[in-house]
Amino acid sequence: MTSLPETMTAIGFDAPGGPDVLKPQTRPVPKPGAGEILVAVAAAGINRPDVLQRLGGYNPPPGASDIPGLEFAGTVVALGDGVRRWQLGDQVCGLVAGGGYAQYAVVHESNALPVPAGLTLTEAAAIPETFFTVWTNVFQRGGLKAGESFMVHGGTSGIGTTAIQLAKAFGATVLATAGSDDKCAACRELGADHAINYRNEDFVAAAKAATGGRGVNVILDMVGGDYINRNYEAAADSGRIVQIAFLNGPKSEVNFSRLMLKRLVHTGSTLRPRTIAEKAAIAAELETKVWPLLAEGRCKPVIHQTFPLAQAAESHRLMESNAHIGKIVLTV
Ligand SMILES: NC(=O)c1ccc[n+]([C@@H]2O[C@H](COP(=O)([O-])OP(=O)(O)OC[C@H]3O[C@@H](n4cnc5c(N)ncnc54)[C@H](OP(=O)(O)O)[C@@H]3O)[C@@H](O)[C@H]2O)c1
């Protein structure tokens, strides 16, 4: 086995702030603990929560690396005690609570998955955060079933592009909202049956029209604010609304009578602080139910642009511009 270096380049920041606080730093190569693998990172996905972390609003949970980055792909180069599933040289993608923007990262063996057949390491790095999030929120919490209708706000976000494809692949009628006609066209290309430009169309009226007046069975929302009340209006009887973020703020005046009269379920979750075991359970379902679809090309990570690791600041600037469609990835 080739010996590993003591130090590596990672992206960190000394104090919260704009994209330029992200700088290459020299850090110790992490050591895999019991049940963990060390991966030589080839690529790391960027996610909106990384931007919130850089701004000082989403600190890593206790015990997690302070290096940003929730997902990566690469080659296994060291094994912690008791690792059973992986061997040196395996190519994996991993979900972590931090540490992805680096040359090396550790992940619990149960929170890593094989690089899906036919995908590059760069593509694989763009999978874990959105696929875990969509699976647990849309299918496990929201209980989306074939034949139902599904609406995702932010249809061209990393989350949205994954949600459209998975909901479609599992037999739902898919609605997506987005902020421009170009973004709406991208949603349709990914499989959305209806794409609603929320800047010039009322999504509640459009959702009712698209569902024959019945409303939508499952809504995945990252916007919050006044969308909460409007989601209640757009939902069908016994609809499920799953909250994964509040880009327009977590507070709102809501008419709860709709929740009661329509028997709605309004729930939500965040992935990052969940336990290794909970993430492993999501990984196991993904591997059985979704990895075959990735290998068959029936869904895929949508990559907008890649940047070298040292240009992490540029990648965050692009994300904050909201000009992207799909994922932004750092190559290492
Ligand atoms: N709960 C969880 O476990 C979890 C996990 C991962 C991500 N998330 C959340 O899911 C959301 C999407 O993440 P992502 O990485 O996929 O994001 P992303 O690719 O950066 O996309 C965000 C998109 O949201 C839309 N948007 C709508 N209202 C917005 C507003 N007020 N400010 C900024 N953008 C707005 C924008 O598209 P338009 O031009 O169409 O408006 C923007 O492109 C984020 O809020 C993130 O924090 C939650």
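1. Asn47 touches Leu70, Glu71, Glu129, Thr130, Met319 and Lys327, when residues up to four places away in sequence are not counted. In this predicted model, Asn47 sits in the loop that joins strand E3 (36-46) to H1. The side chains of Asn47 and Lys327 are joined by a polar contact of 2.7 Å. Asn47 has a relative accessible area of 5% and is therefore classed as buried.

2. After H3 comes Gly143, which has a positive phi, near 60 degrees.

3. The largest pocket holds about 1,000 Å³ of space. Two or more residues of its lining come from each of helix H1 (48-54), helix H3 (128-141), helix H4 (158-169), strand E9 (173-178) and strand E15 (327-331). The lining comprises 42 residues, and those nearest the centre of the pocket are Arg48, Ser157, Met222, Ala245 and Leu247. By residue class, the lining of the largest pocket has 18 nonpolar, 18 polar and six charged members.

4. For the second largest pocket, the volume is about 470 Å³. Its lining is made up of 29 residues, with Gly63, Ala64, Ser65, Ala97 and Gly98 closest to the centre. Strand E2 (23-28), strand E6 (104-108) and helix H9 (276-289) are the elements that supply two or more residues to this lining. The largest share, five residues, belongs to E6. In the lining of the second largest pocket, 16 residues are nonpolar, seven are polar and six are charged.

5. The ligand has 23 residues around it, of which Gly179, Lys183, Tyr198, Asn248 and Ser269 come nearest. A backbone N or O atom of Gly179 is placed 2.8 Å from an oxygen atom of the ligand. For Lys183, an N or O atom in the side chain lies 2.6 Å from an oxygen atom of the ligand. A polar backbone atom of Ile244 is 2.9 Å from a nitrogen atom of the ligand.

6. Arg199 belongs to the loop between strand E10 (194-197) and H6. Is Arg199 buried or exposed? Its relative accessibility is 62%, so Arg199 counts as exposed.

7. Helix H7 (residues 227-234) is mostly covered, since six of its eight residues are buried. These are Tyr227, Ile228, Asn229, Asn231, Tyr232 and Ala234. Which elements do the buried residues of H7 pack against? The partners are strand E8 (149-152), helix H6 (203-210), strand E11 (216-221), strand E12 (235-243), helix H8 (257-261) and strand E13 (265-268).

8. Gly80 is located in the loop between strand E4 (71-79) and strand E5 (91-95). With a relative accessibility of 9%, Gly80 falls under the 20% limit and so counts as buried. The C-alpha atoms of Gly80 and Ala34 are separated by 4.9 Å, although the two residues are 46 residues apart along the chain. Neighbours within four places in sequence aside, Gly80 is in contact with Pro32, Gly33, Gly35 and Glu36.

9. Arg263 is not a glycine, yet its phi is positive, about 55 degrees; Arg263 lies in the loop between H8 and E13. Asn322 likewise has a positive phi, near 60 degrees, and is placed in the loop between helix H11 (312-321) and E15. Because its relative accessibility is 38%, Asn322 counts as partly exposed.

Conventions: Residues numbered from 1 in each chain as written. Predicted model: local features only at pLDDT ≥ 70, side-chain atom pairs only at ≥ 80, totals over all residues. Heavy atoms only, no water. Buried < 20%, exposed > 50% of the residue type's maximum accessible area, 1.4 Å probe, protein only. Helix = DSSP H or I, 4+ residues; strand = E, 2+ residues; numbered from the N terminus. Contact = heavy atoms within 4.5 Å. 1 Å grid on protein atoms, 1.4 Å probe; cavity = no way out; pocket = protein on both sides within 12 Å on 5 of 7 lines; lining within 4 Å. Points joined across faces, edges and corners; volume = space filled by probe spheres on them. Nonpolar A, V, L, I, M, F, W, Y, C, P; charged D, E, K, R; others polar. Near = heavy atom within 4 Å. Polar contact = N/O pair within 3.5 Å; in protein donor to acceptor, adjacent residues only side chain to side chain.
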